[in-house]
Every structure is written in structure tokens, then in C-alpha cells.
Amino acid sequence: MSLDFAVLGQNGAPEKTVSLGIDMHHELITTAVAHGLVRFDDFADYYEDAEVAVEALPCLVEQIRMLRCQTGSVELQRFLDDLNDLIAYAIAQQKVLYAIAD
């Protein structure tokens with residue numbers, strides 16, 4: 001099981017995704033909470049779907065940048081880089097970012 005961050009196409013199928021395992025999810029949320037990065041609260045429940053509207057994505061990008069600077073975990077940094085790329089795609093396409101508990 002993973003938490004998949006996705007941009008969906010018109011047919012509802014994912015166009016692009018970034019997946020997060022449970023251990024990395026724990027590290028992500030724990031680190032974000034420790035630094036007061038509240039945009040990650042939407043993804044705190046590993047087993048619950050969430051969505052971020054297009055207009056909220058720039059704030060999430062900024063918090064990803066801050067979180068990336070606060071962690072020494074290379075794996076978490078890689079995930080954040082991939083998530084940032086996915087968000088850039090969502091912004092360019094003017095699409096919602098979904099977190100889908102899979």
C-alpha cells in the first residue's frame with residue numbers, strides 16, 4: 001500500500017504520480033509537524049484521500065522548499081523533489097493535486 005500523489009486526466013486516471021510508502025510518510029509528517037509546516041496536515045492520515053486546489057499549490061511548493069532544507073534524509077529530499085516536479089506539472093496544467101490512499 002502507498003499514498004499516491006497524482007494529477008488526474010479527464011478520464012479520472014492518473015496522468016503523473018509520485019508514491020510514498022508508510023515509513024517515508026511518517027518521516028514526512030513528523031518532520032513537517034516539527035517545523036510547523038501546516039500545508040502537510042492535509043496528508044497526515046496515510047489512509048485517507050486528500051486534494052489540494054490549484055490556488056493552494058504555490059503555498060505547498062514553498063513549504064516543500066522549507067522542509068527540504070530542514071531534513072538531512074536523502075530519501076525524503078528525493079521524494080520532495082519528485083513531489084515538487086509533480087506540483088509544477090499540476091500548476092502548469094491548472095489541475096488539482098490529489099493524494100490517493102491506494
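Reader: What is the strand order in the open sheet?

Author: This is a predicted model. In it, four strands form an open sheet in the order β2-β1-β4-β3, and the pairing is antiparallel.

Reader: Which strands stand at the edges, and why is one side of each left without a neighbour?

Author: Those are β2 (14–20) and β3 (50–52). Each has a single partner strand, so one of its sides has no neighbour in the sheet.

Reader: How much are neighbouring strands turned against each other?

Author: By 20° on average, ignoring direction.

Reader: How many bridges join β1 and β2?

Author: Six, in the antiparallel sense, with β1 covering residues 3–8. V7, for instance, has K16 in β2 as its bridge partner.

Reader: Which helix packs on the sheet?

Author: Helix α3, residues 74–93. It touches β1, β2 and β4 (97–101), and its direction makes about 160° with that of β2.

Reader: Changing topic to the largest nonpolar core. Which residues touch the most other members?

Author: F5, L28, F40, F43, F79 and L97, out of 29 residues in that core.

Reader: Which elements supply at least two residues of it?

Author: The strands β1, β2, β3 and β4 do, and so do the helices α1 (22–34), α2 (57–70) and α3.

Reader: And which gives the most?

Author: α3, with seven residues.

Reader: Back to F40. What does F40 touch, not counting residues up to four places away in sequence?

Author: L28, I29, A32, L60, Q63, I64 and L67. L28 is also listed with F40 among the core residues that touch the most other members.

How values were computed: Residues numbered from 1 in each chain as written. Predicted model: local features only at pLDDT ≥ 70, side-chain atom pairs only at ≥ 80, totals over all residues. Heavy atoms only, no water. Pairing = 2+ DSSP bridges. Axes fitted to C-alpha atoms, helices over the stretch in contact; angles between N-to-C directions. Contact = heavy atoms within 4.5 Å. Core = buried A, V, L, I, M, F, W, Y, C linked by side-chain atoms within 4.5 Å. Buried < 20%, exposed > 50% of the residue type's maximum accessible area, 1.4 Å probe, protein only.
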